[in-house]
Amino acid sequence: MTDLYAVRVLAVDPPRRRIRLRVTAFNPDVWHWPLPDKNFFLRDLEEDEAVLDLLADEDDGIEQDFVESAERTATRNYPFTAEAQERLSRSGSGFPWEDEGPFDEMSPESAAAFLRCEEVRAGADYDVVVTDSRLIEHLKPGLWWRTTAYPGAD
């Protein structure tokens, strides 16, 4: 499946089971879609091997519906207008590849390109609360990934 969004970890608070994520439309096909919702985060986090391992262990007590809530705290370039499209065209840069490593370990050039992409594409920041802190303990600010997750009902 094609990558649709880039997700970057802004903050992690395991005791409160909360993670702040920045989601940015990566694929042009999703620039005009509704912004991510709770179902998006269920799909996205299920792509993580550590989360999959926890979900596969039936004795761990983690429910399949493990995202308690997802609150949007900020939006960027949404709705995605012709003006936003023009800014994106002028920016001329794409997302770095994940092999560049966590955001805070990227080369200055790659980090700058990453920030430009977040700035000119449709996206939003979210506070996501999960039902069990073990689902997010392995995540650190600066980690990022591309995802095939999409918003909307199953």
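This is a predicted model: local features need pLDDT of at least 70, side-chain atom pairs count only at pLDDT 80 or more; totals for chains, interfaces and linings use all residues.
1. Helices (H or I, at least four residues) and strands (E, at least two) are DSSP runs, numbered from the N terminus. Residues are numbered from 1 along each chain as its sequence is written, and side-chain values use heavy atoms, with hydrogens and water left out.

2. The hairpin of β1 and β2 has four residues between the strands, and within this hairpin arginine 17 takes a positive phi near 60°. Arginine 17 sits in the loop between β1 and β2, and its relative accessibility of 27% is why it counts as partly exposed; here buried means under 20% relative accessible area, exposed over 50%, and partly exposed in between, with a 1.4 Å probe and protein chains only. Further along this pairing, alanine 6 has threonine 24 of β2 as its bridge partner.

3. Strand β2 (residues 18-25) also pairs with β4, again in the antiparallel sense, over seven bridges. Strand β2 is mostly covered, since six of its eight residues are buried.

4. Strand β4 pairs with β3 as well, in the antiparallel sense and over eight bridges, and valine 67 has valine 130 as its bridge partner in β4. Eight of the eight residues of β4 (residues 123-130) are buried, so this strand is largely enclosed by the rest of the structure. Gly123, Asp125, Asp127 and Val129 point one way from β4, whereas Ala124, Tyr126, Val128 and Val130 point the other way, and all are buried. A colleague inspecting this strand may wish to note that the aspartates Asp125 and Asp127 are among these buried residues.

5. The loop between β3 and α3 deserves a separate look. Asparagine 77, which lies in this loop, has a positive phi of about 50° although it is not a glycine, and it is buried, with a relative accessible area of 16%. As background, most residues other than glycine have a negative phi, and most peptide bonds are trans.

6. Glutamine 85 is placed in helix α3 (residues 82-91) and counts as partly exposed because its relative accessibility is 32%. Not counting residues up to four places away in sequence, glutamine 85 touches Trp31 and Phe80, contact being defined as heavy atoms within 4.5 Å. From glutamine 85 to arginine 134 there are 49 residues in sequence and 39 Å in space, C-alpha to C-alpha.

7. Helix α4 (residues 108-120) has 13 residues and reaches 18 Å from its first C-alpha to its last, close to the 18 Å expected at 1.5 Å a residue; the expected span is 1.5 Å times one less than the number of residues. Its buried residues are Ser110, Ala111, Ala113, Phe114, Cys117, Glu118 and Val120, and what covers them includes β1 (5-13), β2, β3 (67-76), α3 and β5 (144-147). Serine 110 of this helix is buried, with a relative accessible area of 12%, and, leaving aside neighbours within four places in sequence, serine 110 is in contact with Pro96 and Glu100.

8. In helix α1 (residues 38-46), Phe40, Phe41, Leu42, Arg43, Asp44 and Leu45 are buried. The buried residues of α1 pack against β1, β2, α2 (49-56), β3, β4 and β5.9. The structure holds one cavity of 30 Å³ or more, a cavity being a set of points, on a 1 Å grid over the protein atoms alone, where a 1.4 Å probe fits but cannot get out, with lining residues having an atom within 4 Å of a point. The largest cavity has a volume of about 60 Å³, taken as the space filled by probe spheres set on the points. Among its 13 lining residues, Tyr5, Ala25, Val30, Leu35 and Ala122 lie nearest its centre, and strand β2 gives the most to the lining, with three residues.

Technical notes
On a 1 Å grid over the protein atoms alone, a cavity is a set of points where a 1.4 Å probe fits but cannot get out, and a pocket is an open set with protein on both sides within 12 Å along at least five of seven lines; lining residues have an atom within 4 Å of a point. Two strands pair if DSSP finds at least two bridges between them.
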